[in-house]
Amino acid sequence: MRVLGVNAIFHDPSAALVVDGRIVAAAEEERFSRRKHGKRPVPWSAWELPEQAIHWCLKEAGLRPEELDLVGYSFDPSLCVDLAGLGVMDPGDQVRTDYARRAPNFLAAAMPGLDPAKVRFVPHHVAHAASAGLASPYDESACLVLDGRGERASHLAGRYDGPELEVLAAQDLPHSLGLLYEDLTEHLGFLRSSDEYKVMALASYGKPRHLADFRELVHTTDDGGFVTLGVEWAAYAPKVRPGDDLGDGHADLACSVQRRLEEVLLELAVWLHDRTGARALTMAGGTALNCVANSVLARRGPYDNIWVQPAAGDAGTSLGAALQLSASATSTRPEPMPTAALGREWSDDELAARLQQAALPFETPENLAAVVGQALADDHIVAWYQGRSEYGPRALGHRSLLAHPGRRENLERLNDIKGREQFRPVAPLVLAERAADIFDGPLPSPYMLFVHDVAPAWQDRIPAVVHVDGTARIQTVDRADEPLLASLLEEFETRTGLPVLVNTSLNTAGRPMVDSPADVLELFGSTPADLLVLGPHIVRRAGAFQ
């Protein structure tokens, strides 16, 4: 059974391929087009397909379009209603729905040889749910989906038993925790449907002064749903316009909304547990990328385990659509998602050829981890490019910037290199077996989707990765899965006594993470990173640019 999944309707267009229940490939269009999030989430862009990601997935598996059994499209226009009747103002939504209805023909035009009758519409939140419940390592789980919106809802709560999903609750629009957070993002001067993670970071600098108000404005209901009433944002803090500075009032507003989001998610998770008794909770939807809220669920919720889809935003719905159709067609649960490294890669020889083509002097040391570990110990910034690219928004040691965590100034240094706000944190990379000595929180944490308290004895030793509230969003490294990263961490510790490295995404502000060798060479040529590690090869800035 060969199933291609496609996400194209809102933002983060992507494609994923599942063959005989195994995830073969998954990638976001932004990594090919170099346009952040692929496109803006306006109705007029709904016709745009992730054509480059689609063709790469097929090429990766050696398939032609006519050899596909099914194609899943992660939106079902038959579920749509007139949003005005639900109190949502989106005058172009009928255009979006019309484009969705035409998706089978659009896909057939993009993939000559595909029979449009093979295209199936998968409800948006079912696709989100499948990306978590069917990709997780748990045969049975409670599943919680929260985002801005789908066809007519913003939430799904259900239960997975093997390949089957039982939907237990859904929240109709206009009530939406995701849209509430998007509205706040825009009010604070950031880009909605893009910069919500910046609001989460800003919240750590504030106090929840308005929490009482937001407990009235946002609350759960007895049927597993919730209510979000309209907010007069300017009553709490002035709207941030280009050139304006963020103040304490903005941080307090962000903190108040963030805290209320955490409380509501916890109440929804408890309601779902009361009805399922499940030991594991699986999560997807853009709200599931809020790692602070995820950690509250892990600490205070009733579940033994929480698994969040690494590509929890809309990009993950292409994978969910493919998994859902595969499970439905075969009545068999697909294989769990083995890794987030599901994108493109280049061979060592291909990488060497690209360096030669660029006329860059390079070396290929026998012990790469030792050489790079010494460079990091010497406080060099390292652009680290290895293996298949990551699926989702987190750099997980394949397309990363690495640095020394013991130098407090490296946080400012990295934010300057990336051209981003100074309140933004960077993440620690640590071996799974060492994590509990330093960090308190859900372990292991391979996808950087939870925050952990940093032990007091370590906060002054690794200050670059400690956020203002004493936490860190960690990534744990399993040496069986990532032997090179594990060796690098050990080499660095041998030289510094620190079992942690700084890890942040290999990109600059407003740009997607690098994907191809050309992308990383462009970044290395335009930023002051000291060392480029391209597979087994090393380029030193001092030798390359004299």
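Which residues line the largest cavity? I began with this question, keeping in mind that the model I am looking at is predicted.

**Entry 1, the cavity.** I then listed its lining, which is made up of Ala26, Ala27, Glu28, Arg31, Phe32, Ser389, Glu390, Tyr391 and Asp515. When I sorted these lining residues by kind, I found four nonpolar, one polar and four charged. I also checked which elements they belong to, and I saw that strand 3 (22-28) and helix 1 (30-33) each supply at least two residues of the lining, while strand 3 gives the most, with three residues.

I looked up the UniProt record, where an unreviewed entry lists residues 2-70 and 117-323 for "domain: Carbamoyltransferase". For residues 2-70 I noted 22% helix and 29% strand, with the end C-alpha atoms lying 7 Å apart. For residues 117-323 I noted 40% helix and 21% strand, and here the end C-alpha atoms lie 19 Å apart.

I followed helix 7 (residues 196-203) and helix 9 (residues 248-276), whose axes come within 8 Å and cross at roughly 105 degrees. The two helices are therefore roughly perpendicular to each other. On the side of helix 7 the contact is made by Val199, Met200, Leu202 and Ala203, and on the side of helix 9 by His250, Ala251, Ala254, Cys255 and Gln258. I sorted the residues of this contact as well, and wrote down seven nonpolar, two polar and no charged.

Notes: Residues numbered from 1 in each chain as written. Predicted model: local features only at pLDDT ≥ 70, side-chain atom pairs only at ≥ 80, totals over all residues. Heavy atoms only, no water. UniProt positions renumbered as here; feature names shortened; annotations may be inferred. Helix = DSSP H or I, 4+ residues; strand = E, 2+ residues; numbered from the N terminus. Axes fitted to C-alpha atoms, helices over the stretch in contact; angles between N-to-C directions. Parallel < 35°, antiparallel > 145°, perpendicular 65-115°, else oblique. Contact = heavy atoms within 4.5 Å. Nonpolar A, V, L, I, M, F, W, Y, C, P; charged D, E, K, R; others polar. 1 Å grid on protein atoms, 1.4 Å probe; cavity = no way out; pocket = protein on both sides within 12 Å on 5 of 7 lines; lining within 4 Å.
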